[in-house]
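Here are my notes on the model we are both looking at. I have put them as numbered points so that you can follow along in your viewer.

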Amino acid sequence: MEFLQDHPFAFVIVLAIGAFLGMFVERLVETQDKEKRKAYWRGRRSAGGKWTKTKRGARTTSPEPGSTDFAADQLKLVSKAKFTSRSLLNKSEAKVFDALDTAVISRNSGWQVMAQVSLGEFLASPDKNAYFAVNSKRVDFALMDERCQVVHALEYQGSGHHTGNAAAARDAVKKEALRKAGIGYHEIVAGHTTPAELRALVEKLVPAG
């Protein structure tokens, strides 16, 4: 203290450094608080509600999925849009479906072939995040028994199916979910699976009825 009293200029420098450090710490705490708030609202948004600004600047949540208001908003969008019908299967997939359907019915009339089925329609999980990860993913064909249970899933690997790592990763997710549910997974490869091999596969998977 005596040194600072004898050297007023040094005392001013110490005060300036102290003020600077105080401002730095204050800014750091403020930045951390902002990041925490951002993380909180990101979590709220991912949980379903999106935040939008009103005319007066206040923030309100948009309708959550499944609510009446959310359905009303969707209806407005659909009412303004144009829709056309398109084929559920392309030509090569349709040929496979026809051959597969004929083979399954001949083997067991109680079984049916379903096309382009979402995994969320026949899989369930207590883990919501895991369920949402597969909910909208589809299998090309599903073999359903007389109890309306999907027993086997068949994927048609046409030309260009595995283009890039993303497609392979999506298939891996589907395979794992199906495996855990005890549902068989089988591939039909374009140009490699003959009609005779397809019939043999059906005879292997579908019990005689």
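**Notes on the sheet and its surroundings**

1. Gln112 stands opposite Met144 in strand 4. Strands here, like helices, are DSSP runs numbered from the N terminus (E, at least two residues, for strands; H or I, at least four, for helices). Strand 3, residues 112–118, and strand 4 run antiparallel and are joined by six bridges; two strands are said to pair if DSSP finds at least two bridges between them.

2. A word on the basis, before going further. This is a predicted model, in which local features need pLDDT of at least 70 and side-chain atom pairs count only at pLDDT 80 or more, while totals for chains, interfaces and linings use all residues. Residues are numbered from 1 along each chain as its sequence is written, and side-chain values use heavy atoms, with hydrogens and water left out.

3. For the overall picture, the protein has eight helices and six strands. Along the sequence they follow the pattern α-α-β-β-α-α-β-α-α-β-β-α-β-α. Of its 209 residues, 22% count as buried, where buried means under 20% relative accessible area, exposed over 50%, and partly exposed in between (1.4 Å probe, protein chains only). Contact means heavy atoms within 4.5 Å; among contacts between residues at least 6 apart in sequence, 54% join residues at least 24 apart.

4. The sheet to look at is an open one of four strands, with the order 3-4-5-6 and mixed pairing. Strand 3 and strand 6 (184–189) are its edges, each pairing on one side only. On average, neighbouring strands of this sheet are turned by 30° against each other, direction ignored. For such angles, axes are lines fitted to C-alpha atoms, for helices over the stretch in contact, and the values run from 0 to 180 degrees between N-to-C directions.

5. Strand 4 covers residues 138–144, and six of its seven residues are buried. Four bridges join strand 4 to strand 5 (residues 150–157), and these two run antiparallel. One point of reference is Ala142, which stands opposite Ala153 in strand 5.

6. Which residues would I check for backbone phi? Gln116 has a positive phi of about 55° although it is not a glycine, and Cys148 has a positive phi of about 65°, again without being a glycine. Gln116 sits in strand 3 and counts as buried at 16% relative accessibility. Not counting residues up to four places away in sequence, Gln116 touches Leu88, Leu89, Glu93, Arg138, Val139 and Asp140. Cys148 lies in the loop between strand 4 and strand 5, in the turn of a hairpin with five residues between the two strands. With a relative accessible area of 55%, Cys148 is exposed.

7. Glu187 is partly exposed, with a relative accessible area of 36%. Its C-alpha atom and that of Glu155, 32 residues apart along the chain, are separated by 4.8 Å. Leaving aside neighbours within four places in sequence, Glu187 is in contact with Glu155, Gln157 and Lys175.

8. Helix 8 lies across strand 4, strand 5 and strand 6, running at about 175° to strand 6. Helix 8 (residues 195–205) also packs with helix 4 (residues 91–107), at an angle of about 40° and with their axes 9 Å apart. The two helices are therefore oblique to each other: angles under 35 degrees count as roughly parallel, over 145 as roughly antiparallel, 65 to 115 as roughly perpendicular, and the rest as oblique.

9. Which residues in helix 4 and helix 8 meet? Val96, Ala99, Leu100, Ala103, Val104 and Arg107 in helix 4 meet Leu198, Arg199, Val202 and Glu203 in helix 8. The residues of this contact divide into seven nonpolar, no polar and three charged. Here Ala, Val, Leu, Ile, Met, Phe, Trp, Tyr, Cys and Pro count as nonpolar, Asp, Glu, Lys and Arg as charged, and the others, Gly among them, as polar.
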